[in-house]
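Dear colleague,

Please find below the structure that I am handing over to you, together with its sequence. My notes on what was found in it follow.

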Amino acid sequence: MEVPINFDDIRPLNNDEVKEAIESLINNADFERAFRYIQPDVDWKKFSETMRSYKTKEDFKSKLAYQIVMMVASKTTFSLTISGRSRLPKDKKPCTFISNHRDIVLDASFLNVMLYDVGYGMTQVAIGDNLLIRSWIETLVRLNNSFLVKRNLPVRQKLDASAELSAYIRHTILKTKESIWIAQREGRAKDSDDRTQTSILKMFNMSGDKDILSNLIELNLFPVAISYELDPCDYLKAKEFQQKRDDPEFVKSQRDDLLSMETGILNSKGRVHFTLTEPINESLAKIDPTLEKNELLGEIATIIDKEIYKHYRFYPCNFVAFDLLYNTNRFSGNYGAKDKEQFVKYLQGQLDKIVLPNKDEDFLRTKILEMYSNPLKNHIENE
């Protein structure tokens, strides 16, 4: 299976491509319009001069990208915090950060600014090419050190794309010595029932020349647990659940993806916390290597999942949602009457945003309650 050694079709931009990329962005009306969403009063001429001053990806990431992400955090989160920093490799050894997935854009962006703040450095980021709806979006993400994951391919092409992606990730970790971030599954778990897909692990293994465990240990897998107090896209996810229930052939449009990205970036998320869990190489080394392949991959996925479940951070809304969904008072000691009142009001407000011709409010309410209660459910079932 031939894998392009230069990875030109999926890699981030090289530094000698930065100047041209920046020119294309600042002269793109769609990019300007999108940027003004975040910073309406920007002086475009001055901004363009600042953009032209960035000569490398590192310049762009550590200055503009960092500034934009922190601006979004200050406007749309009550707090953005990280724990488990002491678990990072002391020698900055590259890691494959693998996490649950809540927000299309911000999961990796938030992680990167916090890793940068603690002196570890930003990661390369895996992003699905289905989200590169406009040419300027692809330019922007590749300038910001993202690499592309090819989606929606025929079976044969998908196999080739997985081999290329696997080789690129291994090359990045072992040769260029950069960390990466990748979600534990393709797309977000819209019901927040986070489970690592073994297809991701199979992809990691494809480029190795040893046994499965040794190949994955080489990549230094490092689970990260992401906890958002509020998910601005919860009502959009619930709407999609009903659309798929009512029409099994339903497929989201590019417009839907754009709306999800905009909603996730621009709206309130409450408290947001990232936990760097325990790196899992020691746990992987204890697995019986003679297990049948699918059983072995299942064991590895379970180890990742349990690290994530164990390290979630919970908020009153998670406990309220669980008790409402299961009609219990099990967690009533974790919230007050005001917490419950606020969440019930929030829930109704999100439901009111959903416009469907045959709107099933009971179903939609259940789906949103599942989103907020599933992390807690998985946590208590794996204690």
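**The sheet and its strands**

Strand E3 (residues 124-128) is joined to E4 by four bridges, and the two strands run parallel. Within this pairing, glycine 128 stands opposite valine 149 in E4. Please note that the model is a predicted one.

Helix H7 (residues 155-174) packs on the sheet, where H7 touches strand E2 (96-99), E3, E4 and strand E5 (180-183). The direction of H7 makes about 160 degrees with that of E4.

The sheet as a whole is open and is formed by seven strands in the order E1-E7-E6-E2-E5-E3-E4, with mixed pairing. Strand E1 (77-83) and strand E4 (146-149) stand at the edges; each has a single partner strand, so one side of each is left without a neighbour in the sheet. From one strand to the next, the twist averages 25 degrees.

Strand E7 (residues 270-276) may be of interest to you. Six of the seven residues of E7 are buried, which leaves the strand mostly covered. With E1, strand E7 pairs in the parallel sense over six bridges, and leucine 80 stands opposite valine 272 in E7. With strand E6 (residues 221-228), E7 pairs in the antiparallel sense over five bridges; here serine 227 stands opposite histidine 273 in E7.

**Two loop residues**

Threonine 277 is placed in the loop between E7 and helix H12 (281-285). Its relative accessibility is 0%, and threonine 277 therefore counts as buried. Leaving aside residues up to four places away in sequence, threonine 277 touches Arg87, Phe222, Pro223, Val224, Ala225, Glu307 and His311. The C-alpha atom of threonine 277 is separated by 9.7 Å from that of tyrosine 312, although the two residues are 35 residues apart along the chain.

Aspartate 231 lies in the loop between E6 and H10. Aspartate 231 counts as buried because its relative accessibility is 12%, which is under the 20% limit for that class. Residues up to four places away in sequence again being left out, aspartate 231 touches Lys237, Tyr346, Gln350 and Tyr372.

**Helix H15**

One of these contacts, Gln350, is also among the buried residues of H15, which are Phe343, Leu347, Gln350 and Leu351. Around the axis they cover an arc of only 100 degrees, which means that they are on the same side of H15. What covers these buried residues includes helix H10 (234-246), helix H14 (316-326) and helix H16 (361-381). On the other side of H15, the exposed residues are Ala337, Lys338, Glu341, Lys345 and Asp352.

Helix H15 (residues 337-352) has 16 residues. From its first C-alpha to its last, H15 reaches 23 Å, close to the 22 Å expected at 1.5 Å a residue.

**Cysteines**

How many disulfides does a search of the whole structure find? The search finds zero. Cysteine 317 is in no disulfide, and the nearest cysteine sulfur, that of cysteine 233, is 15 Å away. A disulfide requires a pair of cysteine sulfur atoms within 2.5 Å. Cysteine 317 is buried, with a relative accessible area of 6%. Cysteine 95 likewise counts as buried, at 0% relative accessibility.

With kind regards

Definitions and conventions: Residues numbered from 1 in each chain as written. Predicted model: local features only at pLDDT ≥ 70, side-chain atom pairs only at ≥ 80, totals over all residues. Heavy atoms only, no water. Buried < 20%, exposed > 50% of the residue type's maximum accessible area, 1.4 Å probe, protein only. Expected span 1.5 Å × (residues − 1). Arc of directions from axis to C-beta. Contact = heavy atoms within 4.5 Å. Pairing = 2+ DSSP bridges. Axes fitted to C-alpha atoms, helices over the stretch in contact; angles between N-to-C directions.
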